[in-house]
Amino acid sequence: MIREPLHAPVAHLVRGGVVEGIHHGSVVVLGADGTVEFQLGDIEAAFYPRSALKPVQAVAMLRAGLPLDGELLSLAAASHSGEERHLTGTRRILERAGLTEGELRNIPDLPYDPIVRDIWVREGRPPSRLAQNCSGKHAAMLYTCVLNGWPTADYLDPDHPLQRAVAATVEDLTGQPVAAVTVDGCGAPLFSLSLHGLARAVARITTAPAGTPEARVADAMREHAEMASGTGRDVAALMRAVPGLLSKDGFEGVQAAALTDGRAVAVKIADGANRARTPVAAAALARAGVDPALLTEFAGEPLLGGGEPVGAVRPVRALDPP
């Protein structure tokens, strides 16, 4: 039986100088040599990395022969905002595979970006599989199946050759066996691993030799950060702000990031709060040695009282750079 994670306080909700609330979670910081330089909470308990695992899934597809690079490869690893460029890119992947939107098996949804979503609602556009934030990944999965002669109708079955290849890559890059398998929000198999393993995987992706599937994924996501997320998304802004950084977020308060020298961090916020994820991830990167001056815009949104700033979400002091 998988044990309950032993999370610890990672951020305080401070209003008017008083701690109003506490976000629990776990944080790991790896040095360039892969050793654990800092940990808080429980970095070895099994958890679901959600979309933070998408770079690993993209590596698996490249290893299986997926011939994408650049913005389309970034989209294959994306939790996109549903902007027109994301929809157009997904159509391009499907066209290369000789398939249509009808072959996608993700869940129909409205765009993730609130502004784009509001426009869809005003125009009376219904939820679609193309607009759902994982459509690029699903299109790439279908393309990989076509190239390998694998069936496409059941590509989300955990026993499908594609998903077995993904599981093998997860175990290879994390250095640990998959603890459990369930279904992600988009319908794809979701593999459980440790926070430590997630950090190890993103570090291996950023330190891989040029031209390898790992390096191709890292290059694509860094060079086309908004294709892997969207306009105004914090994870794209973070990659723009920190040279060489690869970062991917996931639902339920997950974020992983790594630098080209192998330094890496991974964060899980126990209650899934995005308001804590961003400042805690930034604090972890500062703890890993990133210049704090590059991270100031990721300190978190202010708490308002009467329309004026009266507090903030602040990472716990244990996360202060040494």
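Two strands count as paired here if DSSP finds at least two bridges between them. The strands themselves (E, at least two residues) and the helices (H or I, at least four) are DSSP runs, numbered from the N terminus.

Together with strand β10 (residues 264-269), β2 forms an antiparallel pair held by 6 bridges. In that pair, Ser-26 sits opposite Lys-268 of β10. Strand β2 also runs antiparallel to strand β1 (residues 8-15), with 7 bridges between them, and there Leu-13 faces Gly-21 of β2. The hairpin of β1 and β2 has 2 residues between the strands, and Gly-16 in it takes a positive phi near 60°. Then comes strand β3 (residues 36-40), joined to β2 by 4 bridges, again antiparallel. Val-28 has Gln-39 as its bridge partner in β3. This hairpin, of β2 and β3, has 5 residues between the strands, and Gly-34 shows a positive phi near 90°.

Before I go on, a word about where the numbers come from. This is a predicted model, where local features need pLDDT of at least 70 and side-chain atom pairs count only at pLDDT 80 or more, while totals for chains, interfaces and linings use all residues. Residues are numbered from 1 along each chain as its sequence is written, and side-chain values use heavy atoms, with hydrogens and water left out.

Now the whole chain. The protein chain has 10 helices and 12 strands. For 322 residues, a compact globule would have a radius of gyration near 20 Å, and this chain agrees, with 19 Å. That radius is taken over C-alpha atoms, and the globule rule is 2.2 Å times the number of residues to the power 0.38. Along the principal axes, the C-alpha atoms fill a box of roughly 60 × 50 × 40 Å. Buried residues make up 54% of the 322; buried means under 20% relative accessible area, exposed over 50%, and partly exposed in between, with a 1.4 Å probe and protein chains only. Among contacts (heavy atoms within 4.5 Å) with a separation of 6 or more, 64% join residues 24 or more positions apart.

So what sits in the interior? The largest one has 70 residues, and Leu-68, Leu-73 and Leu-198 touch the most other members. Helix α7 (residues 195-207) gives the most to this core, with 7 residues. There is also a second, separate core of 33 residues, which includes Ala-11, Ile-269, Ala-286 and Phe-298.

Which residues does Leu-198 contact, leaving aside neighbours within four places in sequence? They are Phe-47, Pro-49, Ala-52, Leu-193, Val-254, Ala-256 and Ala-266.

Leu-73 is in helix α2 (residues 70-76), buried with a relative accessible area of 0%. Leu-73 and Ala-220 are 147 residues apart in sequence, yet their C-alpha atoms are 6.1 Å apart in space. Ser-74, also in helix α2, is buried as well, at 0%. Beyond four places in sequence, Ser-74 contacts Ala-220, Met-221, His-224, Met-227 and Ala-228.

That brings us to helix α8 (residues 213-223), which is mostly covered, with 8 of its 11 residues buried. Among those buried residues are Val-217, Ala-220 and Met-221. The buried residues of α8 pack against α1 (54-63), α2, α6 (161-174), α7, α9 (234-241) and β8 (246-250).

One last topic, the cysteines. How many disulfides does a search of the whole structure find? The search finds 0, where a disulfide is a pair of cysteine sulfur atoms within 2.5 Å.

Key: Core = buried A, V, L, I, M, F, W, Y, C linked by side-chain atoms within 4.5 Å.
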